[in-house]
Amino acid sequence: MNPVSQQPDDPVLSVHGISKSFGAHQVLDDIDLNVHRGETVCLLGPSGSGKSTLLRCVNWLDPPDAGTILLAGQRVGLRPGGNHRMSDRELAKIRTRIGMVFQHFALWPHLTVMENVMAGPRYVQRRPPSEVRDEAIALLGKVGLAEKANVYPARLSGGQKQRVGIARALAMQPSLLLFDEPTSALDPELVGEVLDVMRGLVAEGMTMLVVTHEMAFAREAADRIVFMDHGRIVETNDPEQFFSAPATERVRQFLARYSSETIGKIRRRSAR
Amino acid sequence: MSRDIDIVWQHRDVLLDGFMRTVLLTTITTIAAILTGAILATLMQSRFRLLFSIIQIFVDTMRCIPFLLFAYLLYYGLPAFGIRMSSWSTGLLALIVYSSAYVTEILRGAWASLPRDSIEAGEAFGFSRFNLFRHIVLAPLLFATAPLIGNQIIQIVKDSAFLMVITVPELTYAATYVQSTYFTPFAAFIAALVLYWCLTMLVETVVAFIDRRAVIRR
């Protein structure tokens with residue numbers, strides 16, 4: 001499974017020199033980033049700064065133009081020692097070890113909640129159905145949706161859909177979990193239930209890379225904050241430092257605008 | 001008039017025989033056209049543009065020619081190339097080829113408008129191309145196209161009537177036989193019409209049933 005000798009301190013995810021353009025527009029510019037085992041890294045930054053694209057480069061949904069991505073020392077997307085693309089089969093195999101939670105849930109609408117959670121382990125990993133079923137039941141319990149097992153996604157609220165999305169990703173037993181703005185498509189009152197599940201994962205020591213706009217969550221749950229702007233990493237800092245004494249002017253601006261927006265929202269709410 | 005109805009009733013076995021052949025033609029064609037259409041629509045997703053173009057040309061050609069003409073073309077054309085088949089086989093082949101083109105177009109169009117993100121999720125979870133199609137794409141595709149495929153099946157029922165011109169003994173052929181032998185045009189054709197109507201209603205009912213089940217899975 002893992003032919004490359006892996007030291008305990010080696011990062012689970014190692015991103016090196018990733019660049020990516022869409023046409024003339026450069027979205028990512030020479031990104032370096034490591035995520036270690038059990039670590040939660042939050043990617044913050046304004047819209048269009050390249051956070052989601054970076055996440056999608058990690059599992060090669062958007063192939064980067066340059067740079068390397070290593071998952072536990074193993075290359076993703078390109079064959080070792082060259083710039084030859086992996087075959088679909090090779091890529092699929094390494095993707096099974098990277099879980100992903102999508103902004104718009106991306107559940108499979110023709111499958112029940114239970115079948116959504118079981119599909120990957122059954123059809124991709126080809127694990128025995130009874131074992132997969134037991135695990136799926138346990139995972140649905142964990143995200144608080146045991147009673148929705150036989151319901152189709154169309155019947156769920158956004159928050160419930162996203163919790164199924166998380167259970168579905170966990171069912172693959174991934175070594176890394178990617179979150180692409182998991183709460184951005186949710187009504188405000190549904191954000192909490194999803195963040196609660198994510199906090200649980202942080203506490204269990206899951207290795208996670210999270211693109212989010214939830215500052216409070218990033219502050220309390222992240223081991224490290226990476227701030228991006230215009231396709232570059234502007235600042236990497238620990239959460240307390242990042243929010244109380246950011247190292248760069250750009251982050252200070254971002255936080256100032258963010259907090260004034262938040263305060264504005266609270267004022268508008270209380271004025272009603 | 002009642003004499004006519006009596007005659008048609010006396011020869012109901014001829015009409016029912018024709019009806020069963022029409023049902024058989026429709027059933028075989030439907031299954032074959034959906035399978036062929038699914039394969040061709042899948043091939044059109046391939047990275048080889050040439051393959052896409054070849055299939056597209058086939059689809060466009062079929063959609064541009066009248067079925068009657070296509071049936072004639074196969075019936076008289078194939079023997080010229082040394083291919084000899086019974087009129088039944090030729091007629092069935094014509095129906096399958098012609099309908100496959102339509103089904104291909106229906107599936108390809110619906111495929112292009114399937115929600116991109118759930119297919120992408122399949123890719124991110126490491127589904128192979130075949131498994132992605134089998135487990136993630138196929139069911140939503142069929143649910144999305146059920147009403148259109150239903151229309152196409154009704155079209156197959158009606159196109160099959162043209163096969164009388166190449167002497168396939170289907171329902172219209174049988175009705176024509178009864179009316180010309182016993183000179184009962186009105187009653188014989190009305191009987192055929194009622195049988196066609198029953199068949200299309202059956203198709204409609206099945207499609208509506210599938211469609212109801214599809215609603216909560218979209």
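**First stop: a residue in a strand of chain A**

Select A:Asp30, which is found in strand S2 (residues 25-35) of chain A; helices (H or I, at least four residues) and strands (E, at least two) are DSSP runs, numbered from the N terminus. The phi of A:Asp30 is near 55°, a positive value in a residue other than glycine. Most residues other than glycine have a negative phi. Because A:Asp30 has 14 C-beta neighbours inside 10 Å, it counts as partly exposed. In these terms a residue is buried if 20 or more other C-beta atoms lie within 10 Å of its own, exposed if 12 or fewer, and partly exposed in between, with C-beta atoms placed from the backbone.

Residues are numbered from 1 along each chain as its sequence is written, while chains are lettered from A and ligands numbered from 1 in the order in which they are written. This is a predicted model, in which local features need pLDDT of at least 70 and side-chain atom pairs count only at pLDDT 80 or more, whereas totals for chains, interfaces and linings use all residues.

**Second stop: a loop of chain A**

Now select A:Trp60, in the loop between helix H1 (51-58) and strand S4 (66-71) of chain A. A:Trp60 also has a positive phi, about 70°, although it is not a glycine. Is A:Trp60 buried or exposed? With 20 C-beta neighbours inside 10 Å, A:Trp60 counts as buried.

**Third stop: where the chains meet**

Display both chains. The predictor gives the complex an ipTM of 0.88 and a pTM of 0.83. Here 24 residues of chain A are in contact with 20 residues of chain B; two residues are in contact if their C-beta atoms, placed from the backbone, lie within 7 Å. On the side of chain A that touches chain B, helix H2 (88-95) and helix H3 (113-124) of chain A each supply at least two residues. The largest share of that side, 5 residues, comes from H2(A). By class, the side of chain A that touches chain B has 14 nonpolar, 5 polar and 5 charged residues. Ala, Val, Leu, Ile, Met, Phe, Trp, Tyr, Cys and Pro count as nonpolar, Asp, Glu, Lys and Arg as charged, and the others, Gly among them, as polar.

Next, select helix H6 (residues 116-124) of chain B, in which B:Ser118, B:Ala121, B:Gly122, B:Glu123 and B:Ala124 are buried. The cover over the buried residues of H6(B) includes H2 and strand S6 (98-101) of chain A, together with H7 of chain B. Just after H6(B), B:Gly126 takes a positive phi of about 85°.

Chain B has 9 helices and 0 strands, and its C-alpha trace spans about 70 × 45 × 25 Å along its principal axes. Of the 218 residues of chain B, 39% count as buried. The mean pLDDT of chain B is 92, and 100% of its residues reach 70 or more; pLDDT is the predictor's confidence in each residue, from 0 to 100. Among the elements of chain B, helix H1 (residues 2-10) has the lowest mean pLDDT (84) and helix H5 (residues 87-112) the highest (96).

Within helix H5 of chain B, select B:Gly109. The C-alpha atoms of B:Gly109 and B:Ser87, 22 residues apart along the chain, are separated by 33 Å. With 13 C-beta neighbours inside 10 Å, B:Gly109 counts as partly exposed.

Select helix H8 (residues 171-182) and helix H9 (residues 185-215) of chain B, whose axes come within 8 Å and cross at roughly 160°. Axes are lines fitted to C-alpha atoms, for helices over the stretch in contact, and angles run from 0 to 180 degrees between N-to-C directions. H8(B) and H9(B) are therefore roughly antiparallel to each other. Angles under 35 degrees count as roughly parallel, over 145 as roughly antiparallel, 65 to 115 as roughly perpendicular and the rest as oblique.

By class, the contact of H7(B) with H9(B) has 12 nonpolar, 2 polar and 2 charged residues.
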